[in-house]
Amino acid sequence: MQRLRILHLEDDPMDAELVLATLSAAGLEVDVHLVSQREEFVLALSRGGIDLILADFALPSFDGMSALLIVRGQYPDLPFVFVSGKLGEEAAIESLKSGATDYVLKNRLSRLVPAVQRALTEAKERAKQRKMEKELERAYTEIQKRAEDYRNLFNSIRDVIVVTDHKGKILHVNQPALQETFGYLPEEVVEQNIGILFTDDDRAIGLELFESKGGAQGRLIELDFRRKNGESYDGELYALKRLDRNGVPTGNIGIFRDISERKKTEEALRESELRHYQFQLELKYAAEIQARLLPRSYPQIPCFDIAARCIPAKQVGGDFFDWQVVSPTVVNLTLGDVMGKGMAAAMLMATVRASLHAVTMYNAPAQAVRLAEQALGLDLENSESFVTLFHGQLNAVRRSLTFVDCGHGFVFVRRADGTVEDLSPRGLPLGVPGDKLYQEGVVDFGKDDALILFSDGLIDARPELSLNNQRIAQQIAELPSAEAMVERLVALTAQTDPQPDDITILVVRCTA
């Protein structure tokens with residue numbers, strides 16, 4: 001049995017001992033905390049864990065009624081019993097009105113145990129009653145909330161929901177969907193037949209769906225509906241039976257949806273798909289043409305092995321490589337990267353390539369680039385674009401490459417011993433305002449030296465590899481041919497999907 005924790009307000013130790021003895025004699029196991037001052041009482045009360053308060057009515061510095069008011073202000077259900085030597089009838093009545101559970105005179109302590117037991121029982125009942133009241137209050141609040149949620153949900157649905165009886169008489173309808181779709185207020189349609197929402201041509205079909213024996217449960221059909229102003233529109237009706245908790249049909253539910261905009265959208269989508277198909281077809285042809293613009297075979301130059309690849313990020317791209325055989329021992333090499341990707345870059349790429357083709361055959365690299373820049377200047381300005389370009393002339397007899405770098409920079413020579421040599425000088429891209437003084441550089445080749453030329457798409461494809469000239473050179477170490485080097489670098493980008501940018505690689509390897 002759990003021990004009874006009692007706070008006893010009493011200034012006479014003898015009386016307190018007598019009270020304790022009386023409770024113990026009745027078999028009650030109690031822990032009594034005895035106090036006689038207000039401060040002691042308030043402190044003990046604040047610590048909690050009290051099952052019962054016993055209090056003398058009158059004390060020299062504190063009185064039981066004040067203690068009762070303190071307790072009722074903080075713990076309205078805590079049992080409070082006065083145990084006093086003197087307690088007149090008026091005082092006793094006043095104490096009970098103020099919230100005391102009971103009172104016992106000290107000369108009649110035989111009533112103490114029954115009074116305590118009754119007080120504890122009543123406290124339990126009050127606690128139980130309060131708990132039930134709180135649970136009922138919570139349940140009622142939850143019911144109200146759910147009802148409000150269901151109403152809000154019903155009225156927030158954008159489709160029009162109409163509830164009817166077996167004969168098609170409208171019982172409920174959600175708003176504002178009704179007014180937004182049909183133009184009616186609820187009071188204009190409730191108690192009316194569902195037929196007012198259909199056009200004359202489709203009324204019979206609509207009414208059939210709402211017949212009790214029509215088997216309309218779960219049927220979806222497209223019909224013409226009529227608004228309040230007489231206007232008709234394309235609609236969709238989903239009709240089903242309204243069932244009670246036992247599954248017995250009690251009426252019908254119709255969900256009306258305005259699909260006129262959807263019909264327009266579907267038609268627009270069909271037209272868009274047709275245009276997209278035509279565009280994809282044109283894009284496919286453009287990709288084939290662009291691929292044919294690139295060289296189809298590698299130049300045969302004594303003492304050199306040349307290979308290249310161009311992989312557009314989209315079907316067409318702005319990167320390109322090119323070469324022109326000037327003589328059996330001289331070949332012009334070009335790699336360009338037009339800003340951006342896709343169709344716009346591809347169109348500009350074709351223009352740049354054509355301009356270079358017109359001037360590179362009979363001009364040194366620097367002069368050829370100057371002439372091309374003059375021809376392209378207006379087009380680049382109008383398109384607000386620019387082109388990075390590397391153009392060089394390879395002489396097999398001298399085993400050297402004379403080149404111009406127009407803002408490209410993604411080029412180096414890997415020597416046979418594995419060292420990496422960057423190339424300079426470097427100028428501005430074509431189309432960028434500034435000093436158009438293009439300076440030539442020269443690089444000489446020894447056996448197994450290789451020129452590696454690429455676009456920034458190679459680096460962008462795998463940023464986690466942190467590719468730079470040194471690491472790229474390591475990837476192609478000891479490979480036997482320019483073609484093998486190109487394939488190894490292309491393989492580095494194979495895991496990229498989607499490819500972020502065009503990738504172009506050109507390798508020139510000295511074999512003599």
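Predicted model: local features only at pLDDT ≥ 70, side-chain atom pairs only at ≥ 80, totals over all residues.
Biologist: What is the volume of the largest cavity?

Modeller: The volume is about 70 Å³.

Biologist: Which residues line the largest cavity?

Modeller: The lining consists of Phe320, Asp322, Trp323, Gln324, Asn332, Leu333, Thr334, Arg353, Leu356, His357 and Thr360. To place them, look at strand E12 (319-327), strand E13 (330-338) and helix H10 (343-360), each of which supplies at least two residues of this lining. Sorted by class, the lining has 4 nonpolar, 5 polar and 2 charged residues.

Biologist: How much space lies in the largest pocket?

Modeller: A pocket is an open set of points, whereas a probe in a cavity cannot get out. The largest pocket here holds about 420 Å³ of space. Its lining has 18 residues, and those closest to the centre are Gln2, Leu4, Asp51, Leu120 and Lys124.

Biologist: Which element gives the most to the lining of the largest pocket?

Modeller: Helix H5 does, with 5 residues. Strand E1 (4-9) and helix H5 (112-156) each supply at least two residues of the lining. By class, the pocket lining divides into 10 nonpolar, 2 polar and 6 charged residues.

Biologist: Now the helices. At what angle do H2 and H3 pack?

Modeller: Helix H2 (residues 38-47) and helix H3 (residues 64-74) pack at about 20°, and their axes are 11 Å apart. Angles under 35 degrees count as roughly parallel, so H2 is roughly parallel to H3. The crossing of these two helices is right-handed.

Biologist: Which residues of H2 and H3 meet?

Modeller: From H2 they are Arg38, Phe41, Val42 and Leu45, and from H3 they are Ala67, Ile70, Val71 and Gln74. This contact has 6 nonpolar, 1 polar and 1 charged residues.

Biologist: Are H10 and H11 roughly parallel or roughly antiparallel to each other?

Modeller: Start from the angle. The axes of H10 and helix H11 (residues 365-383) cross at roughly 155° and come within 8 Å. Angles over 145 degrees count as roughly antiparallel, and H10 and H11 are therefore roughly antiparallel to each other. H10 passes H11 in a right-handed crossing. On the H10 side, the contact is made by Leu348, Thr351, Val352, Ser355, Leu356, Val359 and Thr360. On the H11 side are Ala368, Leu371, Ala372, Ala375, Leu376, Asp379, Leu380 and Ser383. By class, the contact of H10 with H11 has 10 nonpolar, 4 polar and 1 charged residues. Leu356 and Thr360 of H10 make part of this contact, and Leu356 and Thr360 also line the largest cavity.

Biologist: Is phi of Asp448 positive or negative?

Modeller: Phi of Asp448 is positive, near 70°, in a residue other than glycine. To find Asp448, look in the loop between E18 and strand E19 (450-454).

How values were computed. Residues numbered from 1 in each chain as written. Heavy atoms only, no water. 1 Å grid on protein atoms, 1.4 Å probe; cavity = no way out; pocket = protein on both sides within 12 Å on 5 of 7 lines; lining within 4 Å. Points joined across faces, edges and corners; volume = space filled by probe spheres on them. Helix = DSSP H or I, 4+ residues; strand = E, 2+ residues; numbered from the N terminus. Nonpolar A, V, L, I, M, F, W, Y, C, P; charged D, E, K, R; others polar. Axes fitted to C-alpha atoms, helices over the stretch in contact; angles between N-to-C directions. Parallel < 35°, antiparallel > 145°, perpendicular 65-115°, else oblique. Left-handed = near helix turned anticlockwise from the far one by under 90°. Contact = heavy atoms within 4.5 Å.
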